[in-house]
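Here's a quick briefing to read alongside the structure.

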Amino acid sequence: KILIVSILVAYLAFKWTAPRFDPESLKGSRVLVTGASTGIGEQMAYHYARFGAQIVITARREKVLQQVTEKCLSLGAQKALYIAADMASESDPDKVVDFALEKLGGLDYLVLNHIGPTPFAMWEGDMEHTRWLMKVNFFSYIQMAWRALPSLEQSEGSLVVVSSLLAKMTNPFTLPYSSTKFALNGFFGSLHHELAMKKSNVSISICTLGLIDTESAMDKVRGVTKIPAYPATEAALNIIIAGATRQLDLYYPWFTQVVHIMKELFPWATNYVIQNYSYNYNP
Ligand code: NDP
């Protein structure tokens, strides 16, 4: 009972003191969203468009990006541009940031969201895939953040990193993915300290998501887990609000934070549930 009351009080206190979101603050803001051809990134592009932002989106598939930018313009974006890029390449991350800086004249938000496709399966020692995924999901993030930082300093802007509950607690079947997300949390959590110590005006938001109903995620877990999936459009809006209100941590849906706390308090019990009840696995 004490635990439940404490969690409830902490949650209410957080809600009470959280800064209010002003949608007007996003009008005309200069935003770069990665991984925006599908899923949560695409939904973020549409929300930013409705708020009247100027957007650059990126992913690999040019044709799909073109369709997303057209929809963004019809929803009210002041500008919507795209650049096709492969985040496994060493030069594309810089190229994308430079494109956004040139076309928008600077950046207020850098939203790092893309992920490379990865199997949902037991680890079979695939080093090549793991190295590749580390490039796409981790190295490109830090390269883009570093490239955009001088402009974000000028605009007192925000770095938004889309992460996962799998960066807070380990699970089976997603070893390479989970490793890239742990790396992101380690890097951007540490960068947050350094920016604060340098009295920088750039905020960092690290967004911890539970299962979200994007096509790529659902294709993997259908029939494998009963964990509930939450809507991508709502996840996207929550991420945008976290960035706009300069929150360091977002948990969406809210109970992912409770799951994380439970794991810290009762690791043995949580591991038992993960291994025996969370997934349908018959060797
Ligand atoms: P999707 O798989 O739907 O989208 C991934 C995006 O990344 C696409 O736009 C894809 O476009 C792009 N992409 C893939 N490979 C590359 C590459 N090599 N270079 C550049 N872009 C690439 O992902 P979600 O929307 O499901 O996830 C978005 C974020 O949310 C991720 O950071 C993920 O970790 C996080 N998250 C998602 C959860 C979920 O359940 N969905 C749960 C927890 C966290 P293209 O193929 O055109 O390149």
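Phe-120, Phe-173, Tyr-279 and Tyr-281 come together as one aromatic cluster. Bear in mind that this is a predicted model.

**Edge-to-face: Tyr-230 and Tyr-252**

- The ring centres of Tyr-230 and Tyr-252 are 6.2 Å apart and the planes sit at 90 degrees, so this one goes down as edge-to-face, the label for planes over 60 degrees apart.
- Tyr-230 has 26% relative accessibility, so it counts as partly exposed.
- Tyr-252 is buried, because its relative accessible area is 5% and the cut-off for buried is under 20%.

**Stacked: Trp-268 and Tyr-272**

- For Trp-268 and Tyr-272, the centres are 5.8 Å apart and the planes are at 15 degrees, so the pair is stacked; the cut-off there is under 30 degrees.
- Both residues sit in helix H10 (residues 267-276), and because they are four residues apart, about one helical turn separates them.
- Trp-268 counts as exposed, at 67% relative accessibility.
- Tyr-272 comes in at 39% relative accessibility, so the call for this residue is partly exposed.

**A charge over a ring**

- Lys-71 puts its charged end over the ring of Tyr-46, 4.3 Å from the ring centre.

**The ligand shell**

- There are 31 residues around the ligand, and the ones that come nearest are Arg-60, Arg-61, Tyr-177, Thr-214 and Ser-216.
- Split by class, the shell has 15 nonpolar residues, 12 polar ones and four charged ones.
- Which elements each supply at least two residues of that shell? They are helix H2 (39-50), helix H5 (127-155), strand E5 (158-164), helix H6 (175-197) and helix H7 (215-221).
- E5 gives the most to the shell, with three residues.

**Backbone contacts to the ligand**

- Gly-35 has a backbone N or O atom 3.1 Å from an oxygen atom of the ligand.
- Ile-40 also brings a backbone N or O atom up to a ligand oxygen, here at 2.8 Å.
- With Met-87, the ligand atom is a nitrogen, and a backbone N or O atom of the residue lies 2.9 Å from it.
- On its own the ligand has 890 Å² of accessible area, and the protein covers 93% of that.

- Cys-72 is found in helix H3 (residues 62-75), and its relative accessible area of 1% makes it buried.
- How far apart are the C-alpha atoms of Cys-72 and Ile-240? They are separated by 15 Å, with the two residues 168 apart along the chain.
- Leu-191 lies in helix H6, one of the helices that supply the ligand shell.
- Is Leu-191 buried or exposed? Leu-191 counts as buried, at 13% relative accessibility.
- From Leu-191 to Ile-204 is 13 residues in sequence and 8.4 Å in space, taken C-alpha to C-alpha.

Conventions: Residues are numbered from 1 along each chain as its sequence is written. This is a predicted model: local features need pLDDT of at least 70, side-chain atom pairs count only at pLDDT 80 or more; totals for chains, interfaces and linings use all residues. Side-chain values use heavy atoms; hydrogens and water are left out. A residue is near a molecule or strand if one of its heavy atoms lies within 4 Å of it. A polar contact is a pair of N or O atoms within 3.5 Å; within protein, one must be able to donate a hydrogen and the other to accept it, and residues adjacent in sequence count only if both atoms are side-chain atoms. Accessible areas come from the Shrake-Rupley method with a 1.4 Å probe; for residues, only the protein chains shown count as cover. Ala, Val, Leu, Ile, Met, Phe, Trp, Tyr, Cys and Pro count as nonpolar, Asp, Glu, Lys and Arg as charged, and the others, Gly among them, as polar. Rings of Phe, Tyr and Trp (its six-membered ring) pair if their centres lie within 6.5 Å; planes under 30 degrees apart count as stacked, over 60 as edge-to-face and the rest as tilted. Buried means under 20% relative accessible area, exposed over 50%, partly exposed in between (1.4 Å probe, protein chains only). A charge sits over a ring if NZ of Lys or CZ of Arg is within 6 Å of the ring centre and within 35 degrees of the ring normal.
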